[in-house]
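Hi,

Here is the structure I promised to pass on.

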Amino acid sequence: MSKIKYILGSFADPDELMDGIDKLQANNISIYDCFTPMPIHGIEAKLGVRPSRLPIAAFCFGLLGGTLGFCLLYYTMTYDWPMNIGGKPALPLPNFVPVTFECTILITALGMVATFFYRNHLFPGRAPRVMDLRATDDRFIIAIDANDNADHERIESLLKEAGAVEVKYNERKYVSYE
Amino acid sequence: MSSHNESILREPLVTGKDITYAKVTDDILLPVENKPNKAWWIGFILAALGALLWVVSVGYTFWTGIGAWGLNKTVGWAWDITDFVWWVGIGHAGTLISAVLLLFRQNWRNSINRSAEAMTIFAVICAATYVVAHMGRPWLAYWIFPLPNQFGSLWVNFNSPLVWDAFAISTYFTVSLVFWYCGLLPDIASVRDRAAGLKRRIYSILSFGWNGSVKTWQRFEIVSLILAGISTPLVLSVHTIVSFDFATSVIPGWHTTIFPPYFVAGAIFSGFAMVQTLLLVMRKVLNFENYITMFHIESMNKIIMVTGSIVGIAYLTELFIAWYSGSEYEMYAFANRIAGPYWWAYWTMMTCNVISPQLFWFKKIRTSIPISWVLSIVVNIGMWFERFVIIVTSLHRDYIPSSWAMFYPTWVDVGIFVGSIGLFFTLFLLFLRFLPGIAVAEVKLLLKSASLQQKTKLVQEGHQDPEQVEFFRNSLTKYDSVTEQDIKALETK
């Protein structure tokens with residue numbers, strides 16, 4: 001039994017998965033993670049996953065983008081080489097709005113997505129760490145660390161009770177390296 | 001919870017029997033996982049020939065300079081800018097569907113957003129080529145950006161709307177691409193986990209290692225929401241700035257403050273028409289009738305009707321203001337549009353853009369697939385003429401009558417335009433072949449709330465107001481993907 005690393009409860013329905021989480025938690029069985037083919041609303045609260053701080057990151061990138069955009073315009077148009085173009089002022093603030101705005105949006109989008117990719121270790125060519133290949137298709141998976149939770153039979157019966165179609169005992173953490 | 005019961009008064013967004021999560025994946029990935037059918041090959045060969053024409057025409061332009069076009073010293077902007085604005089406008093519907101409809105929580109966007117966003121990206125690629133081609137010396141295209149240079153540094157003129165446009169279009173393209181690709185990640189992962197061999201390795205690289213864990217999905221949803229939030233003002237700003245290219249000049253017919261909202265409405269109008277043109281064919285050829293339903297078609301037709309009416313009001317306002325301004329040049333510019341040598345372009349525009357979308361007031365027309373398809377093309381023709389009318393008829397009669405001229409396109413003008421349509425369809429067909437044309441994960445979200453199957457179950461369980469059931473049954477009659485059996489199933493109990 002010690003060779004088993006993870007126990008996977010495979011559900012065909014998201015509501016049964018939620019039920020499974022409730023049942024496991026009521027029995028003090030810790031859940032490693034869940035893998036689903038679509039976002040399940042409310043699952044974070046159940047698993048105690050804290051709200052994402054990405055909006056804060058996005059806001060900071062927005063401030064950075066706006067500042068950089070304005071600095072670019074100020075430096076080029078007003079400081080470095082002010083030019084008399086049709087008698088227009090060297091600091092034409094209304095004319096600065098479009099480019100400052102576009103820079104804000106661009107840096108917000110790129111910065112936020114880069115943060116998302118960095119925090120979730122997403123990048124081109126990364127080996128996918130998948131525990132069950134059907135988790136991106138039609139199965140909703142609850143993964144339980146087999147070493148932390150000793151009573152495997154109880155876990156299986158709880159999962160089955162909640163409606164799991166299949167319970168797997170994986171000796172490897174990820175199946176996708178094969 | 002993923003399965004709150006949605007009111008049966010809302011029309012179903014997914015139809016069909018025995019729809020399971022597995023079936024959604026199978027249906028949508030069918031064109032990606034199998035060899036393309038004959039219809040795809042015919043379309044692809046035709047489109048690729050068009051793209052070839054584009055390469056030849058653009059290559060010829062680069063080789064000889066823009067003297068290859070029919071421009072003259074009076075009409076210095078013609079088909080190139082017309083086509084540019086047309087393509088950028090078409091792109092706008094994709095962002096509108098993916099961003100604005102997400103903010104308004106319109107679930108019907110889930111099955112059309114992916115292809116509409118792809119359309120945005122390809123349309124902006126087509127548009128950008130005109131900008132580069134019109135520069136005359138495309139190898140110096142980077143001069144539009146404020147890069148340090150050897151002229152001491154002589155910076156770009158940030159008072160110019162053309163520079164704003166370069167920033168707006170490149171930001172728009174980048175953000176749209178990022179938004180589209182982020183949304184694609186879970187679906188590419190679905191392809192990856194079902195594939196084998198080389199295909200699996202390629203999709204593995206493209207999937208960025210997506211695994212669908214709780215935290216990934218949570219961040220994914222936040223990222224989508226914020227990208228939607230910032231794309232919404234972005235898309236409005238892009239066509240506003242495109243309209244500034246004209247509105248900030250002092251040419252009668254261009255120098256109007258109505259241009260920004262008028263251009264934005266026109267952009268959404270033409271974009272939805274293009275989405276309609278593409279999706280009506282796509283749903284038929286790829287058998288997506290259960291996912292892109294009559295409800296989607298009707299909703300898009302309603303948007304076309306609303307934005308078409310806004311455009312119509314803008315045309316009339318322009319005429320009124322031209323008269324009310326008391327400026328004789330302004331008045332002449334509009335009199336010349338209506339009854340000058342380009343009267344046929346003006347009236348084509350008026351017929352296609354103002355009158356034809358009004359037909360969508362009739363439910364029969366709104367829910368007829370062939371008529372919708374034809375009208376969507378009519379609208380796109382009309383919107384091309386709108387840009388042609390604004391650009392060429394405002395220029396061709398200058399302040400000095402001795403320099404009045406007409407514009408005649410050369411084969412290169414025509415070649416670039418027809419070719420760009422070919423390029424667009426080539427890219428779109430390649431997209432349908434290699435990437436899921438519908439957002440698989442997002443459609444799965446609808447399965448337990450907004451599918452016909454779920455609603456039928458609700459009705460069969462009883463507890464529904466008979467009047468509402470009657471209403472629901474009547475609303476299903478327009479669906480081409482709902483059989484009489486499906487409707488009959490609602491009558492039990």
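**What I found**

Between them, chain A and chain B bury about 5800 Å², with 68% of it on carbon and sulfur atoms; buried area here is the accessible area (1.4 Å probe) that two parts lose on being put together, summed over both. Before you go further: this is a predicted model, where local features need pLDDT of at least 70 and side-chain atom pairs count only at pLDDT 80 or more, while totals for chains, interfaces and linings use all residues. Residues are numbered from 1 along each chain as its sequence is written, chains are lettered from A and ligands numbered from 1 in the order in which they are written, and side-chain values use heavy atoms, with hydrogens and water left out.

Back to the interface. 65 residues of chain A are in contact with 60 residues of chain B (contact means heavy atoms within 4.5 Å). The rule finds 3 salt bridges across it, a salt bridge being a side-chain nitrogen of Lys or Arg within 4 Å of a carboxyl oxygen of Asp or Glu. B:Lys448 and A:Asp15 make a salt bridge with their side chains, at 2.8 Å from N to O. Helix 4 of chain A gives the largest share of the side of chain A that touches chain B, 16 residues (helices are DSSP runs of H or I, at least four residues, numbered from the N terminus).

B:Trp79 sits in helix 3 and B:Trp384 in helix 13 of chain B, so the pair ties together parts that are 305 residues apart in sequence. Both tryptophans, B:Trp79 and B:Trp384, are buried (under 20% relative accessible area, with exposed over 50% and partly exposed in between; 1.4 Å probe, protein chains only).

Also worth a look is B:Glu298, which is buried at a relative accessible area of 2%. Its side chain meets that of B:Lys478 in a salt bridge (2.6 Å, N to O). B:Glu298 lies in helix 9 and B:Lys478 in the loop between helix 17 and helix 18 of chain B, so this pair ties together parts 180 residues apart in sequence. Salt bridges that share partners join B:Glu11, B:Glu298, B:Lys363, B:Arg366 and B:Lys478 into one network.

Cheers

Notes: Helix = DSSP H or I, 4+ residues; strand = E, 2+ residues; numbered from the N terminus.
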